[in-house]
Amino acid sequence: MNSRELEAREHYLDHAGANLYSETQLQECFRDLSQNLYCNPHTSKSTEDLIDQVRYRILEHFNTDSSKYHVIFTSGTTASLKIVAETFNFTGNHSQFRYLRDSHTSVLGMRELVTSQKIVPIEKDELLAISKGKFHCFPESESKSLIVFPAQCNFNGFKYPLELIENFHSKNLPSDFQNSEWFVCLDAASFVSTNHLNLSHFTPDFVCISFYKIFGYPTGLGALLVSKRAEDALRKRYYGGGTVKIAMSQLNFHEKRDCLHERFEDGTIPFISIISLLHGFSTLKRLIPSTQEARTMERISRHTFNLAKYLRDRLAALKHTSGEDVVRLYSDTDYSSSSAQGGIVNFNILHSDGSFAGHICGDAYDLINGIPTGSIRVSMGYMTTKANVDALINMIENCYCRPTKLPVQLESISSMYKRFPVAKMDEIKLEMICIYPIKSCAAFKVFDRWPLTPRGFLFDREWMIVTEKGVALTQKNNTRLCLIRPSIDQERGKMILNFPEMESIDVELKLNVERGRMIEDSSLCQSKVCGDRVQGFDCGEKIAQWLEEALNMPGLRLLRKNNDEKRFFRKNGSLQDCPEISLANQAQFLLINSTSVSWLMDQVRDWDEEGDREGLLSNVIDRFRGNIVIKSSKSLEEAAWKIVRIGQILFKVDGQCTRCQMICIDQRSGEKTAEPLRTLAREFEGKMKFGIYLSQMNDFTNSVLSCIDRIEIVE
């Protein structure tokens, strides 16, 4: 992807998770594969020779060669660590497995595999003391021990001094490390993505890396670098295809290959991906022409460090009007030196009272006893720009740094809602009923009456558009869905679809199973909307072609849910007392109060209110995609309701709706905006909840909801 195009649309700040691949890199990979034939290296000498060339290229990047290190291809750093844990030969009575307590989960998992009788965590301060201390060097020992630590902390970017590797090799260690020969396993995944690892200067015995963290592409490929000193410390038992010279089935006999990497790479390695690494290295070389790769990586290191320092300093300066910090930073340095700090900033956002903000969409467990279950990690890469960082800073300032004059006084979201008095029953009106026949498309608005089913409103979220891979299409990945406007004509038995500048098309409401094509056990959507496996009926080629033309996407299908297969919203993982739902997110109904929407509009700072206020209000109401739209004399009171009666139908409140970027899509144009999510986050200090979920409590047989029905708040 062209970085300028990405910057114009969105901002990527997760380079510690995966680097971004470049457009030129992908073009070169495609050109290479389209012009050359690469076969299985077990049967093709030319492919095998090219892969060996890639091994040499990898070692060259780390300033070493094949006389000092082997390259074993793996699926990534985790697989490399697992190999070391499974095969390291702990010998002698004094063997130990030591690991940094603050290591990645994949390092902690090594504890389950190592055969050492002594498994001991080491604290950060203890490890740093070894790099600085002068200890008594002990004599040679027959015991073999292993220590694992990261070159750079994946959490906050702290760089561990690699000089301590020599302490372990020279046995310059505290007394509790003595009487053993030590081997060092370096988790280098985070470090090598933006730093130069010079293996001629620092010589760990094992180096674990993932290439997608360096180049972005290909994924699922890493390497374990093994020093010549350490190759005899590994004892591999299993053998797979390609790792033996001969294996006999009638006798328990086999002979492993001579070269270390040949003995460890079971089966056919991903040779196409491995060959693609050459174009990744070429990409790095093109960044700064006529400069050694080591210099390129050093400049990348300075670039990412400077951006991280800028972000850290800006975040540290953010204050609430009370003078309290907006951000709590998690760091082990003061960001004064790139030799000790990488391009990572980790933090949490705080409310003005010092409590933690934050929420994961669809997860109610963002905080446990007031303590966050996670944090925000921002990580830089060579493609990161100041504009990317400024976008994050601006978002935090706009959402969490409140103006001096507060529209409401917020101690907590729950206490705020309680202060809004409940309106009288005569002051609450049902303005309209909204049916969304096709998931994520526009609403069919009803202003008189509409029947109910065991799943909610008749025909609500009964259809969905899926891609050629069977994944549900939503406005999050195609905003033009909101321009598809279905309407229901029950007299004609048709659903009519309209789209700007296209002829309308209709779909039969009466399901004809014989004409439809059943999609059995197809996972239509992997999101929280359809976390279950869902069965559906294909609505045919004609409508599929219409959708492809409207949305400019190939391979689309319209599927109708098979209502013989029941789907329930699981509360806390249990099906007990759970209502049946269609293809809705999590509840049968969503209630929106237009008075609350009007209140929210008044808090938005930069919306132009000189135009048609009613038209703007209607537009914003559409963004919240409620089924039941009421009007009350009191804003936000609905958040305190427990049971609502509309006519003769009782509804139980199932909680508030947590909002995401969907409400930032203008439902009339399909354009994305920053509002009203930004204001919602600011006003409720990160608790982005608006509207309430409802489910039916009494018998729904022959039930009809009418806009003239009386609304009563039972409790």
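These are my notes on what I looked up in this structure, which is a predicted model.

**Backbone**

I began with the peptide bonds, since most of them are trans and most residues other than glycine have a negative phi. The bond from Y217 to P218 is cis, with omega near 0 degrees. I placed P218 in the loop between α9 (212–215) and β7 (222–227). A cis bond also joins E675 and P676, where omega is about 5 degrees. P676 sits in the loop between β29 (649–658) and α18 (677–683).

Next I looked at phi. N63 is not a glycine, yet its phi is positive, about 60 degrees. I found N63 in the loop between α3 (45–61) and β1 (69–74), and with 37% relative accessibility it counts as partly exposed. S440 is another residue other than glycine with a positive phi, near 75 degrees. S440 belongs to the loop between β15 (429–435) and β16 (444–446). Is S440 buried or exposed? It is buried, at a relative accessible area of 7%.

**Helix α13**

I checked the length of α13, residues 386–400. Its 15 residues should span 21 Å at 1.5 Å a residue, and the C-alpha atoms at its ends are 21 Å apart, so the two values agree. I listed its buried residues as N388, V389, D390, L392, I393, I396, C399 and Y400.

**Salt bridges**

How many salt bridges does the whole structure hold? The search finds 36.

E181 and R229 meet through their side chains, 3.4 Å from N to O. E181 lies in strand β5 (residues 181–187) and R229 in the loop between β7 and β8 (244–248), so this pair ties together parts 48 residues apart in sequence. R229 is partly exposed, at 35%.

R645 and E712 form a salt bridge at 3.6 Å, N to O. This pair links distant parts of the chain, with R645 in strand β28 (residues 643–646) and E712 in strand β32 (residues 711–713), 67 residues apart. I noted R645 as partly exposed at 27% relative accessibility, and E712 as partly exposed at 28%.

K319 and D325 form a salt bridge in which the closest N and O atoms are 2.2 Å apart. K319 is partly exposed, with a relative accessible area of 41%, and D325 is partly exposed at 33%.

**Cysteines**

I searched the whole structure for disulfides and the count is 0. A disulfide is a covalent bond between the sulfur atoms of two cysteines. C707 is buried, at 14% relative accessibility, and C153 is buried at 8%.

**Two phenylalanines**

I looked up F191 in helix α8 (residues 189–192). F191 is buried, with a relative accessible area of 9%. Beyond its neighbours within four places in sequence, F191 is in contact with A151, Q152, K159, H196 and L197. F191 and P150 are 41 residues apart in sequence, and their C-alpha atoms are 8.1 Å apart in space.

F253 is in strand β9 (residues 253–256) and is partly exposed at 39%. With I246 and L251, F253 makes a nonpolar surface patch of about 270 Å².

Note on methods
Residues numbered from 1 in each chain as written. Predicted model: local features only at pLDDT ≥ 70, side-chain atom pairs only at ≥ 80, totals over all residues. Heavy atoms only, no water. Helix = DSSP H or I, 4+ residues; strand = E, 2+ residues; numbered from the N terminus. Buried < 20%, exposed > 50% of the residue type's maximum accessible area, 1.4 Å probe, protein only. Expected span 1.5 Å × (residues − 1). Patch = residues over 30% accessible without salt bridge, like charges linked within 9 Å, V, L, I, M, F, W, Y side chains within 5 Å. Areas by Shrake-Rupley, 256 points an atom, 1.4 Å probe, with all protein chains shown as cover. Salt bridge = Lys/Arg side-chain N within 4 Å of Asp/Glu carboxyl O. Disulfide = S-S within 2.5 Å. Contact = heavy atoms within 4.5 Å.
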